[in-house]
Amino acid sequence: MNVRLADLTDADIAAERELYPHVFGRPIAQRLKSWLGWGGGAALTLYCLYRFGFFSGDFLHGAGKFGQLVASQLFPPTGYENLPLFIKVIGETIAMAFLGTLLGALFAFPLSFLASKNITRLRPLQFGTRRFADLLRSFDYLIWALIFVRAIGLGPLAGIMAIAIVEIGTFVKLYSEAIENLDRKQIDGVTAAGGNWLHRIGFGVLPQVLPMMLSNTLYMFEHNVRSASILGIVGAGGIGFLLADRLRAYELQEACLIIILVILTVYAIDYLSKMLRERLIGDHARREPVDDAAQT
Amino acid sequence: MNIREPTALAGAKERGSAAQFEERYLAFRRRKLIYNALFWGGFIACVIAAGITAKFDVFTLLKGLPRTTEFLVKMVPPITLSTFAADIGEWYWGIDKWLNSLLNTLLMAYLATVLGTIVGGALSFLAARNLAPNFLTYWAMRRTLEIARTVPDIVWALLFVMAFGIGPLPGVLAITVHTIGAQGKLFAEVNENVSPLPLDGIRAAGGNWLHEIRYGVIPQVMPNYMSYTFWRIELNVRSATIVGFVGAGGIGHDLFTSIQLLYFADAGAILLIVVVTIMLIDMLSEKFRHSAIGKASFSH
């Protein structure tokens, strides 16, 4: 068919429009629906802005105060005489993240087999373990930290426990997903050669899932260094305690130094962990656990 | 590994290569053993160093753990079947207050997601290597976004509380800043993966930079943007529940007070509300993500 654009008349276009309305534009009902959606969203946004006082004088007052804080009191960072203390406490923060991640991984490892559909045939047990892990994971680190601070006292131990508990939840999920995705053939091979349950795990399952598990664990360690740096705000040890303390005492310049140190630490750990992960499992290392990729 | 030249005598060759194999295998085993010993030695040294640095004390932990379970048990008051309604009513005596805090929390998360996505989305075009007007803009924008998201939202909350006073407003601002950083980075990465062909077409038809973004980039990236935004709502609801710990509004404030004052039943009631809300939001967001954009376009 040879139709030249110049030959088309308005009548042709109108006829086509009558025949195939959806080519020229979405139907009115659909358009109305999406307008209503966007309009409702915008209205809700305006209401929220009003509700939280963005339109009041307080907001302008606060914004002015914040600008002044940032411009005149935050920079330049000072308190270099406390640098050894800060570095020591950052070391404590990293140690908390390390031990918390390790403890979480140790406890999650056996549980993750219970939570895997292809390993645990007893459905209620598998389902129950999964939901238990979800429950641990659904409370934030800070909430667990708050509970542990009340139960075992101020200090890094509470922070380690908070990280460990959340991590049990996360690792059971990540590990059991890795286990569920494994290749059946290796396990069948071990079974065919007369292997028992333990042999199947040791020679069929572990060689396939260990690299993925290690990479996930390293990734969560990286993530937990960030978490550990704020747990101190509720008294659970680490650099967050000093940071909150300096902020509450209006020693903003020193707080600024701490924030810079934390950022540098986080970068260094990210870099190291990324390097290790790429070594461990090559290309797979770039695929990060879905839940946390956006948190970084 | 280099392979030896074959020798003339087959028997000698076989014996030679078998011995060679033995030898190489032993060397390989030795090397592996040394690597393993080094790795585990280093690992155990790390564990010990971390234990000392973080003052890890098993006895304190063993003493504290029963108390933790005791706390957790106390969070659910005795409920009997015969007086079920009354018991629940007593447990949830503050339901009106808590639901109001919960509404605040959800609205805080919503507003912060909207504001953060709008600003972060706008900045993401400047932070994408292929779309930024020049390298300096790209570099500066990347660093700014990095700082916005590396500083945890609760630290932003502490800063904003100092300027704006206690209440949900500093909480919204804190989560917004963090969201700008996170969305800016994720959106910029999506932007960097767009096909340049439609952009070339628009430029050829005489479009300017804004036209390129509006008609060339947006249609390509919208599905990913939407999925990241629904996901961000999930994360922001979590954040909104904890910024209250430092006075930045939401249900976190009620939770913090009740745990500080050792009102365990209250804490349990609030925690239950939080968990149910977070699970519902997760489910809804997942449903939206899949239905609004289709599974195919939801990729990380």
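This is a predicted model: local features need pLDDT of at least 70, side-chain atom pairs count only at pLDDT 80 or more; totals for chains, interfaces and linings use all residues.
Biologist: What is the volume of the second largest pocket?

Modeller: The volume is about 1,500 Å³. The lining consists of 35 residues, and those closest to the centre are A:L214, A:L218, A:L280, B:F39 and B:F43.

Biologist: What makes A:L214 and B:F43 count as nonpolar?

Modeller: Leu and Phe are in the nonpolar class, so A:L214 and B:F43, both among the residues closest to the centre, count as nonpolar.

Biologist: Which elements give two or more residues to that lining?

Modeller: From chain A they are helix 5 (83-114), helix 10 (197-231) and helix 12 (252-281), and from chain B helix 1 (10-53). Helix 5 of chain A gives the most, with 10 residues.

Biologist: Why is A:S138 called buried?

Modeller: Buried means under 20% relative accessible area. A:S138 has 5% relative accessibility, so A:S138 counts as buried. This residue is found in helix 6 (residues 123-138) of chain A.

Biologist: What makes the pair of A:S138 and A:L135 a polar contact?

Modeller: A polar atom of the A:S138 side chain lies 2.9 Å from the backbone oxygen of A:L135.

Biologist: Which residues of chain B does A:S138 touch?

Modeller: A:S138 touches B:R238, B:V275, B:I278 and B:M279.

Biologist: How far apart are the centres of the two domains of chain B?

Modeller: The domain assignment gives domain 1 (10-56) and domain 2 (92-297), and 48 Å separate their centres, taken over C-alpha atoms.

Note on methods. Residues are numbered from 1 along each chain as its sequence is written. Chains are lettered from A and ligands numbered from 1 in the order in which they are written. Side-chain values use heavy atoms; hydrogens and water are left out. On a 1 Å grid over the protein atoms alone, a cavity is a set of points where a 1.4 Å probe fits but cannot get out, and a pocket is an open set with protein on both sides within 12 Å along at least five of seven lines; lining residues have an atom within 4 Å of a point. Grid points are joined across faces, edges and corners, and a volume is the space filled by probe spheres set on the points. Helices (H or I, at least four residues) and strands (E, at least two) are DSSP runs, numbered from the N terminus. Buried means under 20% relative accessible area, exposed over 50%, partly exposed in between (1.4 Å probe, protein chains only). A polar contact is a pair of N or O atoms within 3.5 Å; within protein, one must be able to donate a hydrogen and the other to accept it, and residues adjacent in sequence count only if both atoms are side-chain atoms. Contact means heavy atoms within 4.5 Å. Domain bounds come from an automatic or database domain assignment. Lists of a residue's contacts leave out its neighbours within four places in sequence.
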